Amino acid sequence: MKIFLDTADLDEIRRASQAGLIDGITTNPSLLAKVAGDRAPRDIFLDICREVDGPVSAEVVAIDADGMISEGRRLAEIHENIVVKVPLTEDGLRACRTLREGGVRVNVTLCFSATQALLAAKAGASYISPFVGRLDDVGHDGMELVAEIREIYDEYDLETEILAASLRHPKHVLGSALLGADCATLPPAVLYKLLRHPLTDVGLESFLADWETLGKGL
Ligand code: G3P
């Protein structure tokens, strides 16, 4: 399963990328607003693309298909790694189809049902982003949505990649991996929670203490 970092924070992106932990980046307007200051979105996307050798999702903000298509084309021109993110609306799917015909990769976002995901795949989406945590927030089971999409895409040989999103904790990531999601996008805090284990820390501490008793360097 590919792991993407869900942030526009360049320091976090650099840290994870240099450690070889991530395969790409996803952003959304809210994440951009957190870090932008007086910088133009275009410059932020360019910096991210230079840092990460993998797909970088950049979201349109128009809500009509023509507007999304024109914004999507402008975003795609920024860098070859850009994947244009469009919302799962009727206009979003129209824009998806047109952008894909022009060779632009599209991530269809804000997916909350398997039937939405089916329509996105038929519109040629490169990625579908089911929002697991936000479904859990309203008392549904977000992981069940990932399972349903996997089953449908496998049944009909649909090539759209499932990009599990709105993941809030390591169990969401584990669930996505076990269910066969193609990718998972995580906030930095969740990424490092995957990495750490208290028994690793305890084990390392005792190895180092025992080594000290040798009184010699390597
Ligand atoms: O990738 C989508 C993600 O950014 C949404 O996450 O935590 O705002 O639901 P969250």
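Modeller: Before anything else, a residue is near a molecule or strand if one of its heavy atoms lies within 4 Å of it. On that basis, the residues around the ligand are D6, N28, F131, R134, A165, S166, R168 and T185.

Colleague: OK, what kind of model is this, and what are the ground rules?

Modeller: It's a predicted model, where local features need pLDDT of at least 70 and side-chain atom pairs count only at pLDDT 80 or more, while totals for chains, interfaces and linings use all residues. Residues are numbered from 1 along each chain as its sequence is written, and side-chain values use heavy atoms, with hydrogens and water left out.

Colleague: How much of the ligand does the protein bury?

Modeller: The protein buries 82% of the 310 Å² that the ligand exposes when taken alone. Those accessible areas come from the Shrake-Rupley method with a 1.4 Å probe, and for residues only the protein chains shown count as cover.

Colleague: Why is N28 called buried?

Modeller: Buried means under 20% relative accessible area, exposed over 50%, and partly exposed in between (1.4 Å probe, protein chains only). N28 has 16% relative accessibility, so it counts as buried. N28 also has a contact within the protein: a polar atom of its side chain is 2.8 Å from the backbone nitrogen of L31.

Colleague: And why does S166 count as buried, while D157 counts as exposed?

Modeller: S166 has a relative accessible area of 12%, so it is buried. D157 comes in at 66% relative accessibility and therefore counts as exposed. Both have a positive phi without being glycine: about 55 degrees for S166 and near 50 degrees for D157.

Colleague: Where do these residues sit in the chain?

Modeller: N28 is in the loop between β2 and α2 (29-35), S166 in the loop between β7 and α9, and D157 in the loop between α8 (142-155) and β7.

Colleague: What makes something a helix or a strand here?

Modeller: Both are DSSP runs numbered from the N terminus: helices are H or I with at least four residues, strands are E with at least two. By that count the protein has 11 helices and eight strands.

Colleague: How do you know that β5 and β6 pair?

Modeller: Two strands pair if DSSP finds at least two bridges between them. Strand β5 (residues 106-111) and β6 have three bridges, in the parallel sense, so they qualify.

Colleague: What joins β6 to β7?

Modeller: Two bridges join β6 to strand β7 (residues 161-164), and they run parallel. In β7, Y127 is partnered by E161 and I128 by I162.

Colleague: Which way do the β6 side chains point?

Modeller: From β6 (residues 127-130), Y127 and S129 point one way, I128 and P130 the other, and all are buried. In β7, E161 and L163 point one way and I162 and A164 the other, again all buried.

Colleague: Why is a crossover called right-handed?

Modeller: With the strands pointing away from the viewer, the path from the first strand over the helix to the second runs clockwise. β5, helix α6 (residues 114-122) and β6 also make a right-handed unit.

Note on methods. Polar contact = N/O pair within 3.5 Å; in protein donor to acceptor, adjacent residues only side chain to side chain.
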